[in-house]
Amino acid sequence: MLVVEQLVKEYGDLTAVDDVSFEARAGTVFGLLGPNGAGKSTTINCISGLLTPTAGRIAVSGHDVIKDGTAARRSLGIVPQELALYEDLPAVDNLRYWGKAYGLRGTALEDRVATVLELIGLADRAKDLPKEFSGGMKRRLNFGCGVVHQPKVLLLDEPTVGVDPQSRAKLFDLVETERNSGACVLYTTHYMEEAERLCDSLAIIDHGKIIAQGTVAELKAQLGARDALQLNGQFPDSATSEAIEGLREDIADLEILSQAEDSLLLTLSAASHHLPKIFAAISGAGGNVTETSLRSPNLETLFLLLTGKELRE
Amino acid sequence: MSFLLASVRKDLARWAQDRTAVLIWLGIPFLIGGLITSMIDGGGGSPTGTLLIADEDDSLLSGFVVGAYSQEQLGELIIVEQVSAKEGEARINDGEASAFLTIPEGFQDALLNETPVTLTLKTNPSQTILPGIIQDVTEILLDAGFYLQRLLGPELRSITDAGFEGAPSDAFIAAISVDIQHKINRIIDKTDPMAIDLQIVGPPPAEPQPNYALLFLPGIILMAVLFASNSLAADYWIERDKGTLRRLVSAPGALTGFVAGKAIAAAAVMGVVTAVVLVVGFAYHGIVWSKFIPSLVWVSLGGVGLFAWLAALQMMFPNNRAANLVTTILLFPLLMAGGSFFPLAALPDWIANIGRLSPNGFIADRLTGELTSATTWSIDAQSWLTVVAITAGGLAVSVLRLRTGFARR
């Protein structure tokens with residue numbers, strides 16, 4: 001349904017998207033997970049036709065977005081990161097307007113608008129102006145405007161940024177409804193837990209490049225059973241490295257992900273069992289630990305493993 | 001078509017909520033136009049001065065002098081007020097009149113007896129033209145009085161000596177008239193000019209010129225239209241900031257309908273603004289109402305052209321503030337050149353010709369022609385085509401700019 005092949009987008013010397021390829025199927029949610037500035041929105045903008053790719057190919061429902069842009073866009077729905085509403089028009093008129101923009105007419109339009117109002121939970125506020133709505137209600141209406149024409153491919157660009165937990169849960173339900181109705185959903189986020197909950201498959205993107213791709217289960221398997229152990233304190237440079245390397249005889253999969261004078265990030269299996277040995281080794285090397293944080297394997301750990309930095313940095 | 005109508009309705013519904021803007025678009029031109037028109041029309045078209053006269057003699061001849069200032073064209077220039085010497089002195093000192101003439105007691109006797117008499121004329125130094133006119137007229141009157149006394153002194157004396165308490169008898173008037181006629185007959189050969197038949201050939205009669213205030217009306221209308229155009233043109237930036245343009249360019253084939261919808265909505269707004277000013281202008285100047293529709297259509301169409309190009313220009317700038325600032329600054333030379341502050345007809349030809357090349361000047365010039373011509377729908381086809389082409393060009397540039405990056409944020 002959505003095919004992206006070797007997509008490149010350059011701005012002068014800056015390569016915002018670098019050789020990105022993925023495929024998302026109908027009835028699934030494909031996630032693009034990455035920190036701010038990783039290239040997620042640029043990728044979505046290339047798909048939606050807002051940006052012209054420097055190289056590569058994008059096909060929506062079999063239509064090339066460059067060569068056959070109008071047909072491709074007919075199958076697309078977009079829920080932008082920032083609100084895209086007429087706050088001085090009633091909610092129902094917003095839905096009608098965007099429905100007409102995608103070619104809906106007459107009773108088909110009215111029926112669909114009524115359905116979407118129910119879906120987003122604004123049927124009783126249909127004639128109210130969005131400027132009187134809460135942030136969560138505006139987000140839901142923003143979502144409704146993107147799906148009013150029942151797109152085959154739905155692009156969701158960080159739809160939950162700045163949304164309260166209750167509205168976020170409602171938006172998750174809406175995304176799942178679209179997936180269950182057969183839409184192909186591309187969902188960008190920098191929230192690991194959102195990706196884990198919603199996405200059938202995903203790609204982790206950083207500095208414009210995809211650094212890992214697969215189902216959530218496949219990606220977690222890349223980690224094995226390794227935990228991420230974050231230590232803060234004082235860590236003399238070479239002595240600490242040597243001491244940790246010395247532990248490899250007992251802890252085979254121990255690996256230093258990153259090291260600084262005041263922090264140390266390690267991955268290893270069953271980390272909690274090995275903590276005394278690690279503390280002793282660091283102490284023996286002249287260092288000390290003031291704070292410890294242990295995370296079990298998840299996508300955030302994988303991102304740490306792959307990039308050496310936090311997802312939200 | 002459905003999306004086009006939806007776009008029109010959408011923009012009209014949104015713009016209708018901003019009633020303050022409509023009041024400003026109309027208020028400023030009405031204020032300026034009202035001030036200018038009242039300055040031009042307020043005094044009936046000609047400046048007038050006030051002559052205060054203290055007639056202390058209160059005689060037949062002093063009455064002739066007082067009456068002489070109110071005769072024919074002089075009466076249109078000078079308003080004569082009879083006052084006491086004290087009041088006249090106070091008012092001329094306060095600058096409330098152009099001049100103050102005192103006719104002293106004994107004026108008639110002195111004139112008839114050929115004894116010296118002094119009339120005092122005090123003029124207002126803060127005025128230049130009218131006091132001068134009054135002074136010249138007074139000197140001419142005194143000269144005329146001298147010759148009148150020389151010629152008809154006995155007759156005048158007999159009138160004053162008669163001392164009528166009521167109207168003089170018919171016999172007395174007849175006798176005096178006969179005496180005067182005889183004297184005129186005796187001197188007429190010496191005073192009549194030679195019998196030369198002089199034919200004065202003047203220029204052919206010119207078409208009646210419209211009044212100056214009427215010439216202001218097109219400029220005032222275009223001022224309101226320019227304010228409205230510039231304000232509505234900023235709506236593209238508002239939509240961009242709302243993010244709706246991003247959603248729009250992702251929709252298939254919606255861009256043309258969106259821009260056309262804005263143009264039609266803008267035309268409707270221009271129509272309302274123009275209609276209000278036209279109704280007031282037509283009623284004030286007594287213009288025939290058959291010219292209302294062509295004037296309304298012409299200005300509304302031209303207004304959409306101005307809107308289209310101002311919008312295209314605003315979309316060239318990197319941010320909303322710069323766009324707004326530049327087009328607002330641009331409005332003033334356009335208003336100046338286009339005849340909103342000075343009617344093109346009142347400007348030197350070379351300046352007026354430049355003004356007519358400005359978009360609003362072009363529209364105002366043709367509108368002036370429509371309002372002042374003897375026929376309706378007098379604007380030529382070439383002018384209509386020019387405005388249609390310019391409007392279409394502006395809208396095409398707007399679509400292009402939306403496609404080439406303006407919609408991105």
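Q: What percentage of the 409 residues in chain B is buried?
A: This is a predicted model: local features need pLDDT of at least 70, side-chain atom pairs count only at pLDDT 80 or more, and totals for chains, interfaces and linings use all residues. Residues are numbered from 1 along each chain as its sequence is written, while chains are lettered from A and ligands numbered from 1 in the order in which they are written. A residue is buried if 20 or more other C-beta atoms, placed from the backbone, lie within 10 Å of its own, exposed if 12 or fewer do, and partly exposed in between. Among the 409 residues of chain B, the buried share is 33%.

Q: What is the radius of gyration of chain B?
A: The radius is taken over C-alpha atoms, and the globule rule is 2.2 Å times the number of residues to the power 0.38. For a compact globule of 409 residues the rule gives a value near 22 Å. The C-alpha atoms of chain B fill a box of roughly 105 × 50 × 40 Å along the principal axes. The radius of gyration of chain B is 34 Å.

Q: How many Å separate the centres of the domains of chain B?
A: The domain bounds come from an automatic or database domain assignment. Domain 1 covers 2-42 + 209-406 of chain B, and domain 2 covers 49-161 + 173-182. Taken over C-alpha atoms, the distance between the two centres is 58 Å.

Q: Which element gives the largest share of the side of chain B that touches chain A?
A: Two residues are in contact if their C-beta atoms, placed from the backbone, lie within 7 Å; 20 residues of chain B are in contact with 24 residues of chain A. Helices (H or I, at least four residues) and strands (E, at least two) are DSSP runs numbered from the N terminus. Two elements of chain B give two or more residues to this side, namely α1 (2-16) and α11 (244-249). The largest share, six residues, comes from α1(B).

Q: How many nonpolar residues are on the side of chain B that touches chain A?
A: Ala, Val, Leu, Ile, Met, Phe, Trp, Tyr, Cys and Pro count as nonpolar, Asp, Glu, Lys and Arg as charged, and the others, Gly among them, as polar. On this side of chain B there are six polar and six charged residues. The number of nonpolar residues is eight.

Q: How many strands does chain A have?
A: Chain A has 313 residues, of which 45% count as buried. Its secondary structure includes 11 helices. The strands of chain A come to 14.

Q: Which are the edge strands of the open sheet of four strands in chain A?
A: Two strands pair if DSSP finds at least two bridges between them. The sheet has the order β2-β1-β4-β5 (chain A), with antiparallel pairing. Within it, five bridges join β1 (residues 2-11) to β4 (residues 55-60) of chain A, and Val8(A) stands opposite Ala55(A) in β4(A).

Q: At what angle to β2(A) does helix α1 (residues 40-48) of chain A run?
A: Axes are lines fitted to C-alpha atoms, for helices over the stretch in contact, and angles run from 0 to 180 degrees between N-to-C directions. Helix α1(A) is mostly covered, with nine of its nine residues buried, among them Lys40(A) and Ile44(A). After the helix comes Gly49(A), whose phi is positive, near 90°. The helix lies across β1, β2 and β4 of chain A, and its angle to β2(A) is about 65°.

Q: Which residue in the hairpin of β9(A) and β10(A) takes a positive phi near 50°?
A: Strand β9 (residues 201-206) of chain A runs parallel to β3 (residues 29-33), joined by four bridges, with Phe30(A) opposite Ser201(A). Six bridges join β9(A) to β10 (residues 209-215) of chain A, and these two run antiparallel. The hairpin has two residues between its strands, and the residue with the positive phi is His207(A).

Q: Is Glu158(A) buried or exposed?
A: Glu158(A) lies in the loop between β7 and α6 (165-180) of chain A, and its phi is positive, about 45°, although it is not a glycine. Gln150(A), in the loop between α5 (135-147) and β7 (153-157) of chain A, has a positive phi near 50° and counts as partly exposed because it has 18 C-beta neighbours inside 10 Å. Glu158(A) has 22 other C-beta atoms within 10 Å, so Glu158(A) is buried.
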